[in-house]
Amino acid sequence: MTQAGIGLRHAHVVQVLNERPAVGFLEVHSENYMSEGGPRRRALFELRHDYAVSLHGVGLSLGSAEGLDSAHLDRLAGLVQDYEPFLVSEHLSWSVAEAHYLNDLLPLPYTEEALTLVVANVQRCQERLGRQILVENPSSYVTFAESTLSEPAFLAEVAARSGCGLLLDVNNIYVTAQNHGLDAKAYIEALPGDAVGEIHLAGHRREELEGGVLLIDAHDRQVCEGVWDLYRFAIARLGRRPTLVEWDNSLPPLEILLGEAAEADRQAAAALETAGGLRGAA
């Protein structure tokens, strides 16, 4: 899968159905398709004939200390069976406590205890689905004093112990690195490259705060040059990976979103050409 994809959002479904634009794949949020029947599911079934589909979950809560919700996992398994996606992904986060769903992707401390918990949840998910999933790195605004592992080391261990793959969200790495004064390229270099099965790109927002600037993973604008630079670095190191442009808020016309996907293809090609030239000159 070398052509970049887009996140399919409700506002664009009719136009995509009518025009069938040239794009590598479509990614949907799993939870939006867990109801029985309805026009949304019918539209995705129709589009499935012309596009590869990826399922991206936001509510499985892989970091929940209570384990995974069986009903939610069963619904996800049904979606996988119905749509046969080429990728299934979830976030490294938690969002459920004592049967209460919190509408956010909350962070984890990077400790051995949390690692054991996440690995068990990932393994249970993969066993129920009968396939590998990808786990996405989060955007970060706070850190835990209890953490004993770096974020890339934690993700690498999750992949090694569970057999899952990684979804490398380049924008999230950029946001996290800027917010915490980290080296974003060193973060990417610390990950096991062969475990990366997909890349996400998105726009973020800058918030001017007293004492500094905070970047927010807003998904409401075009990809900035700093993220494109980090994407080129990732592609030069990893090679091509299925790449998705996420845009969830303040949705633009479909043409702008498709233009971002086309730009991702151009950036990836340029990164590979530059990397090939450097290797040839070595």
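Visitor: Which residues of α2 are buried?

Guide: Start with the general idea: an α-helix has 3.6 residues a turn, so residues three or four places apart point the same way. In α2, the buried set is Arg-41, Ala-43, Leu-44 and Leu-47. These residues take up an arc of only 160 degrees around the axis, which puts them on the same side of α2. The arc is that of the directions from the helix axis to the C-beta atoms. Buried means under 20% relative accessible area, exposed means over 50%, and partly exposed lies in between (1.4 Å probe, protein chains only). Helices (H or I, at least four residues) and strands (E, at least two) are DSSP runs, numbered from the N terminus.

Visitor: What kind of model am I looking at?

Guide: It is a predicted model, where local features need pLDDT of at least 70 and side-chain atom pairs count only at pLDDT 80 or more, while totals for chains, interfaces and linings use all residues. Residues are numbered from 1 along each chain as its sequence is written, and side-chain values use heavy atoms, with hydrogens and water left out.

Visitor: Back to the helix, then. Which residues are exposed on the other side of α2?

Guide: Pro-39 and Arg-42 are exposed there. The buried residues of α2, for their part, pack against α1, β2, β3 and α3.

Visitor: Arg-20 is charged. What does Arg-20 form a salt bridge with?

Guide: Side chains of opposite charge can pair when their charged atoms come close. A salt bridge here is a side-chain nitrogen of Lys or Arg within 4 Å of a carboxyl oxygen of Asp or Glu. The partner of Arg-20 is Asp-50, with 2.6 Å between the closest N and O atoms. Arg-20 sits in the loop between α1 (13-19) and β2 (25-29) and Asp-50 in the loop between α2 (39-48) and β3 (52-56), so the pair ties together parts that are 30 residues apart in sequence. Arg-20 is partly exposed, at 28% relative accessibility.

Visitor: How many salt bridges does the whole structure hold?

Guide: A search finds 15. One of them joins the side chains of Arg-41 and Asp-82 at 2.7 Å, N to O. Arg-41 belongs to helix α2 and Asp-82 to helix α3 (residues 70-83), so this pair ties together parts that are 41 residues apart in sequence. Arg-41 is buried, at 10% relative accessible area, whereas Asp-82 is partly exposed at 36%. There is also a network of salt bridges that links Lys-185, Glu-225, Asp-229 and Arg-232.

Visitor: Now a strand. Is β9 mostly covered or mostly open?

Guide: Mostly covered: five of the six residues in strand β9 (residues 196-201) are buried. Two strands pair if DSSP finds at least two bridges between them. Strand β8 (residues 165-169) and β9 pair in the parallel sense over four bridges, and Leu-167 has Glu-198 in β9 as its bridge partner. β9 also pairs in the parallel sense with strand β12 (residues 243-245), over three bridges. There, Leu-201 stands opposite Val-245 in β12.

Visitor: How many disulfides are there?

Guide: Zero, by the rule that a disulfide is a pair of cysteine sulfur atoms within 2.5 Å. Cys-164, for instance, is in no disulfide, and the nearest cysteine sulfur, that of Cys-125, is 9.8 Å away. Cys-164 is buried, with 4% relative accessible area, while Cys-224 is partly exposed at 26%.

Visitor: And the chain as a whole: what is its secondary structure?

Guide: It comes to nine helices and twelve strands. Of the 282 residues, 51% are buried. Among contacts with a separation of 6 or more, 78% are between residues 24 or more positions apart. The C-alpha trace spans about 50 × 45 × 40 Å along its principal axes.

Definitions and conventions
Contact = heavy atoms within 4.5 Å.
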